[in-house]
Amino acid sequence: MKSTNRTLLAAALVLGVVAGPAVPPALAATSSHADSSSPTATSSPTVSERSGIPALEAAIADLPTRDATAALVRLGGTEGVWRGSSGVHDLTTNRPADPAGRFRAGSVTKVFTAAVALQLAAEGTLDLDRTARSYLPELIPASYGKVTVRQLLNHTHGIPAADIPGDTVEERYADRFRIHDPEEMVRSATAKQREFAPGEKQHYLNIGYTVAALVIERITGDTYEHQVTHRILNPLGLRDTYLPGKDPHIAGPHNHGYQTMRLDDGTTGLRDVSVWGPTDGWAAGDIISTTADLERFTKALFRGRVVRGPLLREMFTLPKVADFTTGDPAAYSIGLSMKKLGGREVWGKSGGRWGYNTGIVSTRDGSRTLVYSVNSTDAKGQEMNTVVRNIMVAAFGSP
């Protein structure tokens, strides 16, 4: 990545029948106190009564299936604690999935990016109502001169997506080691006609967070990666979370991700996609983490330990506009999104990278939190992965 002022400077393909090796299921669940290899889950009576733990166990049982090869789940909050894992570490050894394994968290990265921006706003260094062009005049053209930093962060900017080569998973896989420069992605996006006037509608895209991270770097004179590490990862002790830069590998223990695609022999089956360049996501989708770290981060965020005071409300405020593609009310705030499940509002963020789906979810008061990582075989398609959907409904109830 390059910049004139830099020192160094992401739900689920439509499901098909998976052709692959037959593998035995592996289910391991734990209580709030210790890990266990037992195939049965233990939890407090309160959690079991209130959250339908049998449904959670069922949601991740009997993996691998055609939907996913592994799943890691942590349910927490004042209503009780439950932890579970299922599936395999990889389809070659069929070892049980590592519940402490790292994974690509995709667009959960946006929560970290938003938190850094809001911290800078609290310090008076960043003005959310100032235009992106005023910070990056050589990069943002006049045609996008009215887009503000707030609009970048809540997806109401109107900037279209950058051009990323490849229309199919097979084409993207063949191109998986390409290095994508963030400034070039911004130039690609802003060379196009805007989708709508800034602030008029909402369209969830990565490009706003790419621009926002470049603003962060311009303001601080530092890399985006170091700012996240210094401001969030280190203070919270998130030792298994890191930003990979250009490295296509997942460092340390991790469960392999697989994606359904056309194989070299012309059949459709599972391909190991654990090694994949992350630069197309960058500040919008490249972070690598664990369920334990993301649970700690989620609790700290909702308790006001990451973003403090009035600016935290920005993360729980939806813009009063319609979605660009559906016409529904806006569902994304700065960093988070909101859904109504089981009769109550839940806030959080999901993310998808090839072979991996991740989510952090919580009630506003923190009474129930959920973190999951599912090694989905359809992790970048249009529909929510079946295992992910079942986990969400089991934890919070139906929409």
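**Salt bridges, burial and helix packing**

Me: What makes D240 and R102 a salt bridge?

Reply: The closest N and O atoms of D240 and R102 are 3.3 Å apart. A salt bridge is a side-chain nitrogen of Lys or Arg within 4 Å of a carboxyl oxygen of Asp or Glu, so the pair at 3.3 Å qualifies. D240 sits in the loop between helix 9 (224-236) and strand 6 (258-262), and R102 in the loop between strand 3 (82-87) and strand 4 (103-104), 138 residues apart. Helices (H or I, at least four residues) and strands (E, at least two) are DSSP runs, numbered from the N terminus.

Me: What do these values rest on?

Reply: The model is predicted: local features need pLDDT of at least 70, side-chain atom pairs count only at pLDDT 80 or more, and totals for chains, interfaces and linings use all residues. Residues are numbered from 1 along each chain as its sequence is written, and side-chain values use heavy atoms, with hydrogens and water left out.

Me: Why is D240 called partly exposed?

Reply: Its relative accessibility is 33%. Buried means under 20% relative accessible area, exposed over 50%, and partly exposed in between (1.4 Å probe, protein chains only). D240 at 33% therefore counts as partly exposed. R102 has a relative accessible area of 15%, so R102 is buried.

Me: How do you know that R74 and E295 form a salt bridge?

Reply: The N to O distance between their side chains is 3.1 Å, and the limit is 4 Å. R74 lies in strand 2 (residues 68-76) and E295 in helix 10, so the pair ties together parts that are 221 residues apart in sequence. Both R74 and E295 are buried.

Me: What makes R187 and E183 a salt bridge?

Reply: Their side chains meet at 3.9 Å, N to O, which is within the 4 Å limit. R187 and E183 both belong to helix 7 (residues 182-190), four residues apart, about one turn of the helix. R187, at 41% relative accessible area, is partly exposed, whereas E183, at 7%, is buried.

Me: How many salt bridges does this rule give?

Reply: The count comes to 14. A network of salt bridges links E79, R344 and R368.

Me: How do you know whether T298 is buried or exposed?

Reply: T298 has 1% relative accessibility and therefore counts as buried. It lies in helix 10 (residues 291-302). Leaving aside neighbours within four places in sequence, T298 is in contact (heavy atoms within 4.5 Å) with I360, V361, S362 and V371. The T298 side chain also reaches the backbone oxygen of L294 at 2.7 Å.

Me: Why are helix 2 and helix 11 called roughly antiparallel?

Reply: Helix 2 (residues 53-60) and helix 11 (residues 386-396) pack at about 170°, with their axes 8 Å apart. Axes are lines fitted to C-alpha atoms, for helices over the stretch in contact, and angles run from 0 to 180 degrees between N-to-C directions. Angles under 35 degrees count as roughly parallel, over 145 as roughly antiparallel, 65 to 115 as roughly perpendicular and the rest as oblique. Helix 2 and helix 11 are therefore roughly antiparallel. The contact is made by A55, L56, A59 and I60 of helix 2 with V387, N390, I391 and A394 of helix 11.

Me: What makes helix 3 and helix 9 roughly perpendicular?

Reply: The axes of helix 3 (residues 109-122) and helix 9 cross at roughly 80° and come within 10 Å. Helix 3 and helix 9 are therefore roughly perpendicular to each other.

How values were computed:
Polar contact = N/O pair within 3.5 Å; in protein donor to acceptor, adjacent residues only side chain to side chain.
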